[in-house]
Amino acid sequence: MIRYFHVDSFAQKPFTGNPAGVCPLQAWLPAELMQQIAAENNLAETAFIVPRAGAPAEYDIRWFTPTVEIDLCGHATLAAAYVLFAHLGFAEPAVVFHSQSGPLHVSREADGRLTLDFPSRPPQVLAPHPTGLTDGLRATPVHVLAARDVLAVFNTEAEVLALKPDFAHIAALEYVGVIATAPGSAAEGIDFVSRFFAPRVGVPEDPVTGSAHSTLIPYWAEKLGKTELRARQISPRGGDLWCRLRHDRVDISGYAVTYKTGEILVD
């Protein structure tokens, strides 16, 4: 029997933000079983956490989409920290998760937000553009860059909102996913908007993607000449993020809310 939490990350009420599964464990399950649980949950990611012996504020963390294990996930890390703080009696001001992408700190803010300390992954210009990108997006971006993911830059929020991707073409690209982005609404205090498509790893469109902001934040910080930014992911569920660039790290902040708790009945 495994305790299970379903948390909406980058959200202040249910049915918004990005849902993640969280399974606190005492020791690792076989990878095949964790993948099966993630597939059964059928959320963009399920996080599994295991406490580190002799380190009360440190955990190991792994993330699984419905089809693969991935190297970095923001919303499921935020969800895992929220579960520790809100449900499991974790009393420290911050927790450290050890991951494939190195140590990730998550701290509690006075207003209830949680702040992820993530690696910065600045994108580099791609020339020529990846074959199939324009067909995949069914639109032509004004700039194309890449880090782990392709970054497709458009002139307006309306263009990003109007995208109707061909997921077969996007899945064929040699990248985890495609980030579509544009400037946000100055009237609403939003510096940039984005959407994220990752059918290659079993997530056609991710509602709010923390890891994508490891690339978005350094790009827009340089473009706008500022290190503190407000972001909005304009998926159908949507979510807001508070962002900061700190040299080779980024801070990504947001709220979370519990939707469901329960038990997974497997041996």
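The legends below describe close-up views of a predicted model.

**Figure 1. Overall architecture of the predicted protein.** The secondary structure of this predicted model comes to 6 helices and 18 strands. Along the principal axes, the C-alpha trace spans about 50 × 40 × 30 Å. A compact globule of 267 residues would have a radius of gyration near 18 Å, and the protein, with 18 Å, agrees with that expectation. Of these 267 residues, 57% count as buried, and among the contacts with a separation of 6 or more, 63% are accounted for by residues 24 or more positions apart.

**Figure 2. The largest nonpolar core and the surroundings of I252.** The largest nonpolar core holds 53 residues, of which W63, V95, F97 and I252 touch the most other members. Helix 2, residues 74-87, gives the most to this core, with 8 residues. A second, separate core has 19 residues, including L126, A182, V193 and F197. In soluble globular proteins, nonpolar side chains tend to be buried together. Which residues is I252 in contact with, leaving aside its neighbours within four places in sequence? They are F10, L114, T115, L116, F118, G210, H213, S214, I217, L241 and W242.

**Figure 3. Helix 6 and the residue that follows it.** Helix 6 runs over residues 213-224 and is mostly covered, with 9 of its 12 residues buried. The buried residues of helix 6 are H213, S214, T215, L216, I217, P218, Y219, W220 and A221. Among them, H213, S214 and I217 are also in contact with I252, a residue that belongs to the largest nonpolar core. After helix 6 comes G225, whose phi is positive, near 70 degrees.

Figure 4. A search of the whole structure finds 1 cavity of 30 Å³ or more, and the volume of the largest cavity is about 100 Å³. Of the 17 residues that line the largest cavity, E45, I70, R148, F196 and S211 are the closest to its centre. What classes of residue make up the lining of the largest cavity? The lining has 8 nonpolar, 6 polar and 3 charged residues.

**Figure 5. The largest pocket and its lining.** About 200 Å³ of space lies in the largest pocket. The residues E109, R113, T115, E228, L229, R230, W242, C243, R244, D251 and S253 line this pocket, and they divide into 3 nonpolar, 2 polar and 6 charged. Strand 15 (228-233), strand 16 (239-246) and strand 17 (249-254) each supply at least two residues of the lining. Two of the lining residues, T115 and W242, are also among the contacts of I252.

Figure 6. L29 lies in the loop between strand 2 (18-24) and helix 1 (31-41). Is L29 buried or exposed? With a relative accessible area of 19%, L29 is buried, because the cut-off for a buried residue is under 20%. Not counting residues up to four places away in sequence, L29 touches I2, M34 and I37. The C-alpha atoms of L29 and E205, which are 176 residues apart along the chain, are separated by 28 Å.

Figure 7. A cis peptide bond, with omega about 0 degrees, joins A127 and P128, and P128 lies in the loop between strand 9 (124-125) and helix 3 (133-137). N42, although not a glycine, has a positive phi of about 60 degrees; the place of N42 is in the loop between helix 1 and strand 3 (45-52), and N42 is exposed, with a relative accessible area of 57%. R138, likewise not a glycine, has a positive phi of about 55 degrees. The place of R138 is in the loop between helix 3 and strand 10 (143-146), and with a relative accessible area of 55%, R138 is exposed.

Notes:
Residues are numbered from 1 along each chain as its sequence is written. This is a predicted model: local features need pLDDT of at least 70, side-chain atom pairs count only at pLDDT 80 or more; totals for chains, interfaces and linings use all residues. Side-chain values use heavy atoms; hydrogens and water are left out. A nonpolar core is a set of buried Ala, Val, Leu, Ile, Met, Phe, Trp, Tyr and Cys residues joined through side-chain atoms within 4.5 Å. Buried means under 20% relative accessible area, exposed over 50%, partly exposed in between (1.4 Å probe, protein chains only). Helices (H or I, at least four residues) and strands (E, at least two) are DSSP runs, numbered from the N terminus. Contact means heavy atoms within 4.5 Å. On a 1 Å grid over the protein atoms alone, a cavity is a set of points where a 1.4 Å probe fits but cannot get out, and a pocket is an open set with protein on both sides within 12 Å along at least five of seven lines; lining residues have an atom within 4 Å of a point. Grid points are joined across faces, edges and corners, and a volume is the space filled by probe spheres set on the points. Ala, Val, Leu, Ile, Met, Phe, Trp, Tyr, Cys and Pro count as nonpolar, Asp, Glu, Lys and Arg as charged, and the others, Gly among them, as polar. The radius of gyration is taken over C-alpha atoms; the globule rule is 2.2 Å times the number of residues to the power 0.38.
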